[in-house]
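Biologist: I would like to learn how to read a few features of a model. Let us take them in turn.

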Amino acid sequence: MMKSEIALMQRSFWLAEKGKGKTSPNPMVGAVIVKNGEIVGEGYHQGFGLPHAEIEALKMAGERAHDSDLYINLEPCCHYGKTPPCTKAITAAGIKKVIVSVLDPNPQVNGKGIGELKEAGIFAEVGILEKQGRQLNEVFFKWMTQSLPFTILKAAITLDGKTAAGGGDSKWITGEKARAKAREMRGWYDAVLVGINTVLKDDPLLTCRTSEFKNPIRIVLDSYLRISEDSALMKSLKEAPVWIATGSGDDEKIKKIEASGADVVRLPMKEGRIDLAALYQFLSSRQISSLFVEGGSKVFGAFLREKRIDKILLFMAPKLLGGAGGKGMIEGWGADSLSAAVKLKDWEVSSIDMDLLIQGYPEFSIS
């Protein structure tokens, strides 16, 4: 593997990420066309239903695409969907070599795209930066292989693991830049979820606060339908949909909430709370491929207890709250010993102004 090949594949990753938050349920894809050591075309999938990355790159390259090399982070499609097969466009353009990071997990494609290119006499190779290629499209991979939403747990904590002071004050744990980043992240995923206690205590809006991304669907776990019609969520239904998952049988209140424009979803209860297995079946039926879980502590505990978390994002502020009354990050689940603790794999630490962002995958994650 040549350094130049790695650099070109990394560029395809960079291009692909320009489509973050805009391609669901499609993957993020970037393509780079090289001829005689020069990039002659490149592009990325800009949104669901729009041309694929290969088509954008071929358009830019024009006639120079003939006898060139294509670097792409995901196997080219070979089936008709919203757009025609990219394999046919690649063949017609006279591309001589296609270098792919990872095979497409879609059963309609998986290996078939590479096979079609080879049958057309094009040299095709798979496996450059394969792990990174999978992580780039971790949401798409889980959706294609399990038809379940990739689930991210996000929390803001102090150095001693507190999410609020003893008096209940939680605004704000982290600085403005970290909060802005967390709001932006909401736009990367299909839906954001909180428990009713977070709604009652913090009255969050759960939007991105930026025009760059579409606001996610906002989901509230509200077992006994305690949400107020005066909440920020209910007052901002024009900004993004609100789905309220409940086990309540209060038909009168359900009709009232639905009349205001929110969706009420009745789900089975388990041990006094919404059954998460039923919730995930519902989300799958609604084509929700990614879920950003923002709290609170009981929700975190429930999702960890049932191993529903695929990725963890912790924004950590350089602060100490101390005291027995401070609010911890997780309730309702706990390890009995250090050996039973959930460990993070493939973790990374970065800084956002004065705060840290720790991200990784729980050991039970398939990512």
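Biologist: Which residues are linked in a network of salt bridges?

Modeller: First, the idea: a salt bridge is a side-chain nitrogen of Lys or Arg within 4 Å of a carboxyl oxygen of Asp or Glu. Here K154, R186 and E294 are linked in such a network. Before the details, note that this is a predicted model, in which local features need pLDDT of at least 70, side-chain atom pairs count only at pLDDT 80 or more, and totals for chains, interfaces and linings use all residues. Residues are numbered from 1 along each chain as its sequence is written, and side-chain values use heavy atoms, with hydrogens and water left out.

Biologist: How many salt bridges does a search of the whole structure find?

Modeller: The search finds 15.

Biologist: Where in the chain do E294 and K154 lie?

Modeller: Elements come from DSSP runs numbered from the N terminus: helices are H or I with at least four residues, strands are E with at least two. E294 is in strand β14 (residues 290-295) and K154 in strand β6 (residues 150-158), so defined. The two are 140 residues apart, and the pair links distant parts of the chain. Their closest N and O atoms are 3.4 Å apart.

Biologist: What is the N to O distance between R186 and E294?

Modeller: The distance is 2.6 Å in that salt bridge. R186 belongs to helix α7 (residues 176-186), and this pair also bridges distant parts of the chain, 108 residues apart.

Biologist: Is R186 buried or exposed?

Modeller: Buried means under 20% relative accessible area, exposed means over 50%, and partly exposed is in between, with a 1.4 Å probe and protein chains only. R186 has 10% and is buried. E294, at 14%, counts as buried, and so does K154 at 12%.

Biologist: Which side chain does D251 meet in a salt bridge?

Modeller: D251 meets R266, at 2.1 Å from N to O. D251 lies in helix α9 (residues 251-260) and R266 in strand β11 (residues 263-266), so the pair ties together parts 15 residues apart in sequence. D251 counts as partly exposed at 40% relative accessibility, and R266 counts as partly exposed at 47%.

Biologist: Now the backbone. Which residues does a cis peptide bond join at P25?

Modeller: The bond joins S24 and P25, with omega about 5°. P25 sits in the loop between α1 (3-17) and β1 (30-35). A cis peptide bond also joins G295 and G296, with omega about 5°. G296 is in the loop between β14 and α11 (297-305).

Biologist: What phi does N36 have?

Modeller: N36 has a positive phi of about 55°, although it is not a glycine. N36 is in the loop between β1 and β2 (38-44), and is exposed at 79% relative accessible area. L206, not a glycine either, has a positive phi of about 65°. L206 is placed in the loop between α8 (196-202) and β9, and counts as buried at 2% relative accessibility.

Biologist: Where is confidence lowest in the protein chain, and where is it highest?

Modeller: pLDDT is the predictor's confidence in each residue, from 0 to 100. Where pLDDT is low, the predicted coordinates should not be read in detail. In this chain, confidence is lowest in strand β16 (residues 327-328), at a mean of 84, and highest in strand β9 (residues 217-221), at 98. The chain averages 93, and 98% of the residues score at least 70.
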